[in-house]
Amino acid sequence: MKIVRVAIAGFGGVGRATATLLLNRRPRYRQVHDADIRLVAVCGSRAGLADPDGLEAGRLEALEPGLTGPAFIEASGADILIEAGPSDFRTGGPGLAYLRSALSAGRDTIVISKGALVHSGPDLRDLARSSGAMLKLSGAAAAALPTIDLLEHSLRGCEVLEIEGILNATTNYLLDAMMNQNLGFDEALARAQAGGFAEADPRNDTEGWDTASKLILIANFGLDADLTMDDLVVEGIQSVTEQCIAAWRKQRLVPKLVGSLVRTDGATRAAVGVRTYPMTDPFAHVSGKNKAIRITTDAMGETIAIGSGTEPLATAAAALKDLEHILTARAARAGHGSGGEA
Ligand SMILES: NC(=O)c1ccc[n+]([C@@H]2O[C@H](COP(=O)([O-])OP(=O)(O)OC[C@H]3O[C@@H](n4cnc5c(N)ncnc54)[C@H](OP(=O)(O)O)[C@@H]3O)[C@@H](O)[C@H]2O)c1
């Protein structure tokens, strides 16, 4: 049986959920992938833990100060890095150093935070290609909603003409509440914050930046584009007034914050803004905290996926879906799998 060592950098809500799910799924990895998955390191911003024989669930509470950073992950001997630190698309955030270090060493990498991928996506993609590392990002690119997987697997070989996505659950909830519960923006936001699914500072969601970030990841990693934030016109939902809501209600139209991308003659145009849909359109029925994507291709027409899940479990599961894709790809590289024999 292969031993595969995994490290997790960024050990907040999502990092911890990923560790727990990974440890719970160890019997599955043995059975399905003939792999002994060992969690050899975890770290937050100031503390961490490492054990080459694998950390067990009971040991993950007491992190040791000073055990953190890309060099700590490197020294842990991990074959695969899962990065789940804070996201900052303007600087790349702490994730950037972890990703550069892992990918340049040829270490397969699963990314959950968006910042580094939006800031330096094409560079990281090229780094992975030149070192032969696999770079997966389902957790960052809308998590429970399949996006890049659809492009890579389900629609493989087709030419993508257009993508539309309801990619941010918070804004979908807010628009839904404004339309159906007769709430103003501030009241809907206060409810979402009280329910724990809007940030104290909600601007990353409400101004459209989160949707834009996910759209850029889908374009750059699913379609091999080279988009940056400067290429997008980004509008959020903060300017949606009561008058807009009343008019849409009257016309039986449903507003959604949508990231959209159109490809013509090799050029990719992308934008984020509010679009309205008639009740006959499936997007009109994507309610509450759901997300959705519609991909139009030359040969398969329209494909729509709608999804959501309870966080942080759903994001952890998306990252571990990537882990299984990596295990499968490693197994297919006959004679080239990393890790020792148990
Ligand atoms: N929450 C969701 O449902 C969801 C869904 C999809 C994607 N994401 C993304 O997943 C990421 C994590 O989300 P979260 O909710 O788990 O956030 P969180 O609870 O704030 O956790 C962030 C973690 O990153 C750690 N960190 C900060 N700087 C670091 C550094 N230099 N080195 C190592 N670790 C560092 C923090 O350490 P300390 O503990 O020491 O502060 C903390 O453990 C974010 O990028 C988020 O956008 C989240």
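# Questions about helices, strands and salt bridges

Visitor: At 48% relative accessibility, does D226 count as buried, partly exposed or exposed?
Guide: The model is a predicted one, and its relative accessibility for D226 is 48%. Buried means under 20% and exposed means over 50%, with a middle class in between, and because 48% falls in that middle class, D226 counts as partly exposed.

Visitor: Which residue forms a salt bridge with D149?
Guide: D149 belongs to helix α6 (residues 148–154), while its partner belongs to helix α12 (residues 313–332), 172 residues apart. With the closest N and O atoms 2.8 Å apart, the partner of D149 is K321.

Visitor: Are α4 and α5 roughly parallel or roughly antiparallel to each other?
Guide: Two packed helices are described by the angle between their axes and the distance between the axes. The axes of α4 (residues 95–104) and α5 (residues 115–131) come within 9 Å and cross at roughly 10°. Angles under 35 degrees count as roughly parallel, and therefore α4 and α5 are, to each other, roughly parallel.

Visitor: How many nonpolar residues does the contact of α4 with α5 have?
Guide: The residues that meet include L96, L99 and L103 in α4, and L117, L124 and L127 in α5. By class, the contact of α4 with α5 has 5 polar residues and 1 charged residue, while the number of nonpolar residues is 8.

Visitor: Which strands stand at the edges of the open sheet?
Guide: The sheet is formed by 6 strands in the order β9-β11-β10-β8-β12-β13, with mixed pairing. A strand at an edge has a single partner strand, so one side of it is left without a neighbour in the sheet, and this holds for β9 and β13.

Visitor: Which residue in β13 is the bridge partner of T297?
Guide: β12 and β13 pair in the antiparallel sense over 7 bridges, and they form a hairpin with 3 residues between them. Within this pairing, the bridge partner of T297 is G301.

Notes. Residues numbered from 1 in each chain as written. Predicted model: local features only at pLDDT ≥ 70, side-chain atom pairs only at ≥ 80, totals over all residues. Heavy atoms only, no water. Axes fitted to C-alpha atoms, helices over the stretch in contact; angles between N-to-C directions. Helix = DSSP H or I, 4+ residues; strand = E, 2+ residues; numbered from the N terminus. Parallel < 35°, antiparallel > 145°, perpendicular 65-115°, else oblique. Contact = heavy atoms within 4.5 Å. Nonpolar A, V, L, I, M, F, W, Y, C, P; charged D, E, K, R; others polar. Pairing = 2+ DSSP bridges. Buried < 20%, exposed > 50% of the residue type's maximum accessible area, 1.4 Å probe, protein only. Salt bridge = Lys/Arg side-chain N within 4 Å of Asp/Glu carboxyl O.
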